[in-house]
Amino acid sequence: MNIVLLLCVIILADFKVEALSYDYSASIECLAQPQKPLYNGGIIQNPELNDGLKGWTTFGDAKIEHRESLGNKYVVAHSRNQSHDSVSQKIHLQKGLHYSLSAWIQVSEADVLVTTMVKTTKEYKFGGAIYAEPNCWSMLKGGFTADTTEVADLYFQSNTTSAEIWIDNISLQPFTEKEWSSHQEQSIEKARKRKVVVQAVDKQGQPLQNASVNVTMNRLGFPFGSAINKNILTNSAYHYWFAPRFTVTSFEDEMKWYTNEYAPGKENYFEADQMLRYAKKHGIFVRGHNIFWDDPRYQPNWVSSLSPSQLNAAVQRRMNSIVQRYKGQLIGWDVVNENLHFSFFESKLGQDFSTRMYNQVHNIDPQTTLFLNEYNTIEESRDGLSSPSRYIQKIRQIQSSNRQLPLAIGLESHFPSSPPNLPYMRASLDILRSAGFPIWITELDVGSQPNQAGYFEQVLRELHSHPGIRGIVLWTAWKPSGCYRMCLTDNNFRNLPTGDVVDKLLKEWGKTTISAMTNENGFLETSLFHGDYEVEISHPVKKNHTFSHKIQVLSEDESGETRQFIKLSV
């Protein structure tokens, strides 16, 4: 008897909504009129200021007044003498709830940093910040998690005391832990998975009931990996632990200038070449980290004493050497690392150094994505140097020189040992995503403390579920002397608790086998993560024979189609 098994991959976008959905939208444009408050203002009283100053009071010694322009009503804090002199509202916090915060801000002077703060009985919590402008409205988006149940003060502040602060359409929406997790699940169903329908039919097209179907993921579609170093070339245990788990990597030090040119004109790419061959052999993508590092502490020891003309010659030699060597072989370049926090090259070679380097690298290697790579953008809310708004300003500045540059956002994500601020993380990613550039997590780790693995899991779940994230690389390269801040295994490559988190999530993200039977109509429906799969189907009418086929479950952007038909016959 001949049997034809028809495999039909159908893409469905539906998912269950069990709680108030999270609004991932954000605006990075300065608008003539503010947009409506998210969640209708949440727990904020009089969020659109349509009822005068009801619910709003003076904070500090500022004067506040209600104003209206072109039909839009708002509150203004003026006559400010100290940074906290502003406007506030009493809010009722509940311990353990996550709060999503947003507001629209305008100021009377150019480029003024305005922050939102929450004053509790124990501390001042940072809510979010924006560099606001006059004559238009900018969206501030942030958040925090409440540590106590109490009445607190939500207020706005700015160190530029001469500036008026205009505030409108404020929102503060609380979410329970269960609701927050449901947002992650909903986003994963939409951004990371697709519905797959398998149908088994015979040669006449009749459905085959009770066909046995096994679906096994061979490779995760979402890029997930870890940094490595040269130890992987000589330590087989390191290789056997690493290679089956990860699909992308960065080299810890082996592509950095101080490794590749230890003395003027004395180049060493031996380890980097070997590591790249290793990665290619095992199907692991490589990020190029990094061409230049703007931190003066991490230059080759012979560079700091160079004159500007000598340094420029050395820079050109370095850039041409490494980019020519590896062009077309990497998925990305960190071109000028940490150029928001530091400016070693700009101070010596001009403020347009980064822009020039991105363009020159692109001219040599036009198909490879070029990253800004920075820390504290999502992991530390109080670092204004690399805040989401400052990050977007920098990447747009570079883009303005050449709209064709394939730029991307690299977020190092070195989280401290304190609990991660998940609402601020999510809001920051929303803002960055609205700029339209791909976003990668490039150096993820968590500071050492008793709940390191727990915080690591929280951060990974939040990042993987966010629709703006395109890939995640951990900064967990192994050395006998220990890792940078966080290891995944001990020196015998037995999992530490952080390694258990990786394996647990890889299994959740599809690295497993799904087994089921077709129904009376020959159908089996399941939801699969994007990736490469082996599908095996067998049926009692053909004993001991299994039909096997490889399929790819792609994102909607990658596939362009909603259905895929594959015939298997005996």
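## Disulfides, strands and a buried serine

Counting bonded cysteines along the chain, the disulfides of this protein follow the pattern 1-2, 3-4. The model is predicted, and a search of the whole structure finds 2 disulfides.

**Disulfide between cysteine 30 and cysteine 136**

- Cysteine 30 is joined to cysteine 136, with an S to S distance of 1.9 Å.
- This pair ties together distant parts of the chain, 106 residues apart: cysteine 30 lies in the loop between strand 1 (4-10) and strand 2 (57-59), and cysteine 136 in the loop between strand 8 (124-132) and strand 9 (138-145).
- The link of cysteine 30 and cysteine 136 is right-handed, with 90 degrees about the S-S bond.
- Cysteine 30 is partly exposed at 31% relative accessibility, whereas cysteine 136 is buried at 14%.

**Disulfide between cysteine 483 and cysteine 487**

- The sulfur atoms of cysteine 483 and cysteine 487 sit 1.9 Å apart, and this link is right-handed, with 105 degrees about the S-S bond.
- Cysteine 483 counts as buried at 15% relative accessibility, and cysteine 487 is buried at 17%.

**Strand 4 and its partners**

- Strand 4 (residues 72-78) is largely enclosed by the rest of the structure, because 6 of its 7 residues are buried.
- Strand 3 (residues 63-69) pairs with strand 4 in the antiparallel sense over 7 bridges, and serine 69 stands opposite asparagine 72 of strand 4.
- Strands 3 and 4 form a hairpin with 2 residues between them; leucine 70, in the turn, has a positive phi of about 55 degrees.
- Strand 4 also pairs with strand 11 (residues 165-175), antiparallel over 3 bridges; here alanine 77 has isoleucine 165 as its bridge partner.

- The strands run in the order 25-13-27-28, with antiparallel pairing.
- Strand 25 (513-517) and strand 28 (547-553) are at the edges, each with a single partner strand, so one side of each has no neighbour in the sheet.
- From one strand to the next, the twist averages 20 degrees.
- Strand 27 (residues 531-538) is joined to strand 28 by 7 bridges, and isoleucine 537 has phenylalanine 547 of strand 28 as its bridge partner.

**Serine 187**

- Serine 187 belongs to helix 1 (residues 177-191) and is buried, with a relative accessible area of 7%.
- Its side chain reaches the backbone oxygen of serine 465 at 2.4 Å.
- Leaving aside residues up to four places away in sequence, serine 187 touches Tyr24, Arg192, Ser465, His466 and Pro467.

Note on methods:
Residues are numbered from 1 along each chain as its sequence is written. This is a predicted model: local features need pLDDT of at least 70, side-chain atom pairs count only at pLDDT 80 or more; totals for chains, interfaces and linings use all residues. Side-chain values use heavy atoms; hydrogens and water are left out. Helices (H or I, at least four residues) and strands (E, at least two) are DSSP runs, numbered from the N terminus. Buried means under 20% relative accessible area, exposed over 50%, partly exposed in between (1.4 Å probe, protein chains only). A polar contact is a pair of N or O atoms within 3.5 Å; within protein, one must be able to donate a hydrogen and the other to accept it, and residues adjacent in sequence count only if both atoms are side-chain atoms. Contact means heavy atoms within 4.5 Å. Two strands pair if DSSP finds at least two bridges between them. Axes are lines fitted to C-alpha atoms, for helices over the stretch in contact, and angles run from 0 to 180 degrees between N-to-C directions. A disulfide is a pair of cysteine sulfur atoms within 2.5 Å.
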